[in-house]
Amino acid sequence: MEKLVSSWSKNKPLPESYIFPPETRPGNLIVPTCKTIPVIDLCNAEGRNRTDIVQQILKASQEYGFFQVVNHGISENLMNESMDVFNELFEMPDEDKAILYSEDPKKSCRLLTSSLNYDREKVHQWRDNLRHPCHPLQDCIKHWPQKPIRYREVVAALSIEAKKLGLRILELVSEGLGLESGYFGDKLSEALHLFINHYPPCPDPSLTLGITKHCDPNLLTILHQGDVHGLQIFNNEEWIGVEPLPNAFVVNIGNQLQIISNNKLKSGEHRVVTNSRVARTTAAFFIAPSEDSIIEPAISLVGEASVYRAFEYKDFLLDYLSHMGNNEVVLGRFESQSLNNGTPVNAPPIQRSPKFELSRLDHGPDYPSRPKGTLE
Ligand code: OGA
Ligand code: NI
């Protein structure tokens with residue numbers, strides 16, 4: 001418990017263990033506000049503007065791997081209520097948070113801080129995190145927090161809506177890619193995991209990060225980022241801030257969608273910076289394949305060459321976890337050998353730590369910082 005940033009950080013200076021090296025810390029960098037990711041209005045997606053919406057989604061997913069959606073059908077009331085519940089959760093007294101806090105990777109619902117790798121990482125991230133699966137609802141809801149009292153009811157409603165929205169967007173994506181209707185249904189989008197991230201006000205945002213640069217390993221992410229800045233995406237070698245818009249969700253392409261699209265879409269790299277004024281709370285829904293799904297580029301998108309080989313999703317997750325979210329290295333390990341005379345590109349030997357046994361919940365992005373004593 002004493003590790004949770006929300007429990008110890010008030011009026012304290014930034015500990016050395018949160019200071020990132022100069023090359024990864026944000027510094028006093030001003031990120032461009034004139035450049036933003038596309039905002040797509042889904043209200044016309046079922047009507048005669050559908051082709052236009054499909055094209056907007058495709059273009060944003062190619063250029064940025066990120067876009068925002070408005071008029072998505074999830075009520076303002078549900079968005080506000082759920083954000084209230086998420087904030088309440090992190091404002092609970094320490095004894096209530098202690099019930100949720102756990103260092104046991106086998107626990108399906110748990111509160112932790114920084115990453116699963118807290119004890120081994122060189123630098124900690126300035127965030128607390130509650131994570132749990134949301135599907136199948138009747139199996140997992142009994143493990144969710146009992147406080148705040150509205151948590152289960154509100155989060156169940158939001159997770160059902162988030163999954164529906166995700167499937168709707170995936171249907172538009174499959175149309176844009178020329179894939180059959182329902183391509184991403186069933187096993188490829190079976191799992192749903194929720195991360196609630198909480199970034200308390202930070203004494204020196206120039207030196208630390210809420211989450212370091214990473215791509216999400218799953219298929220598609222739907223993020224409720226509330227009304228506080230903090231999310232940045234890395235595009236054309238520069239960081240762009242993602243403007244919080246009222247009643248919008250941020251959507252990003254995960255690694256599996258990049259792979260299935262044979263690199264036609266890209267999973268955008270992103271990070272989270274902190275601020276010194278207000279706490280920021282966000283909720284990320286990760287739509288993911290079931291662990292035993294076979295992932296490979298869609299045959300109709302392969303053309304001259306398949307960039308990636310076929311693999312089981314759980315093998316990807318294990319590699320993702322052991323490579324600390326280093327996107328190029330992880331994707332390189334799943335590139336098809338034919339492109340490269342039999343040797344996968346960027347394929348260092350696997351050094352799996354026994355800690356990286358896959359448990360039911362390790363489906364979100366994690367491990368941005370490297371373990372102590374390893375080279376960058
Ligand atoms: C994540 C993530 C962004 C945010 O949880 O993977 O990128 O703004 N979150 O909290
Ligand atoms: Ni992410």
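User: Buried means under 20% relative accessible area, exposed over 50% and partly exposed in between, with a 1.4 Å probe and protein chains only. What percentage of the 376 residues in the protein is buried?

Analyst: This is a predicted model, in which local features need pLDDT of at least 70 and side-chain atom pairs count only at pLDDT 80 or more, while totals for chains, interfaces and linings use all residues. Residues are numbered from 1 along each chain as its sequence is written, chains are lettered from A and ligands numbered from 1 in the order in which they are written, and side-chain values use heavy atoms, with hydrogens and water left out. Of the 376 residues in the protein, the buried share is 57%.

User: What percentage of the accessible surface of the protein belongs to carbon and sulfur atoms?

Analyst: Accessible areas come from the Shrake-Rupley method with a 1.4 Å probe, and for residues only the protein chains shown count as cover. The surface comes to about 16,200 Å². The share of carbon and sulfur atoms is 50%.

User: How many helices and strands are there in the protein?

Analyst: Helices (H or I, at least four residues) and strands (E, at least two) are DSSP runs, numbered from the N terminus. On that basis the protein has ten helices and 14 strands.

User: Among contacts with a separation of 6 or more, what percentage is between residues 24 or more positions apart?

Analyst: A contact means heavy atoms within 4.5 Å. For residues 24 or more positions apart, the share of contacts is 77%.

User: Which residues coordinate the nickel ion (ligand 2)?

Analyst: Donors are N, O and S atoms within 2.8 Å of the metal (3.2 Å for Na, K and Ca), and water is not among the atoms, so sites may look incomplete. Along the chain, the donors follow the spacing H-x1-D-x53-H. At 2.1 to 2.2 Å, the coordinating atoms are NE2 of His214, OD of Asp216 and NE2 of His270.

User: How many residues apart in sequence are the parts that aspartate 216 and histidine 270 tie together?

Analyst: Both aspartate 216 and histidine 270 are buried. Aspartate 216 sits in the loop between S6 and strand S7 (220-224) and histidine 270 in strand S11, so the parts they tie together are apart in sequence by 54 residues.

User: In what order do the four strands of the open sheet lie?

Analyst: Two strands pair if DSSP finds at least two bridges between them. Strand S6 (211-214) and strand S9 (238-241) are the edges, each pairing on one side only, and the twist averages 25° from one strand to the next. The pairing is antiparallel, with four bridges between strand S8 (residues 231-235) and strand S11 (residues 269-272). The order is S6-S11-S8-S9.

User: Which residue in S11 stands opposite phenylalanine 234?

Analyst: S8 and S11 pair in the antiparallel sense. Opposite phenylalanine 234 is glutamate 269.

User: Which residue in S12 is the bridge partner of threonine 221?

Analyst: S12 is joined to strand S5 (residues 191-199) by nine antiparallel bridges, and S7 pairs with S12 in the antiparallel sense over five bridges. Histidine 193 stands opposite phenylalanine 286. The bridge partner of threonine 221 in S12 is also phenylalanine 286.

User: At roughly what angle do the axes of helix H2 (residues 50-63) and helix H6 (residues 151-177) cross?

Analyst: Axes are lines fitted to C-alpha atoms, for helices over the stretch in contact, and angles run from 0 to 180 degrees between N-to-C directions. Angles under 35 degrees count as roughly parallel, over 145 as roughly antiparallel, 65 to 115 as roughly perpendicular and the rest as oblique, and H2 and H6 are therefore roughly perpendicular. The contact includes Ile53 and Ile57 of H2 and Leu172 and Val173 of H6. The axes come within 9 Å and cross at roughly 90°.

User: Which residue does a cis peptide bond join to lysine 147?

Analyst: The omega of this bond is about -10°.

User: Is asparagine 236 buried or exposed?

Analyst: Asparagine 236 lies in the loop between S8 and S9 and has a positive phi of about 50° although it is not a glycine. At 69% relative accessibility, asparagine 236 is exposed.
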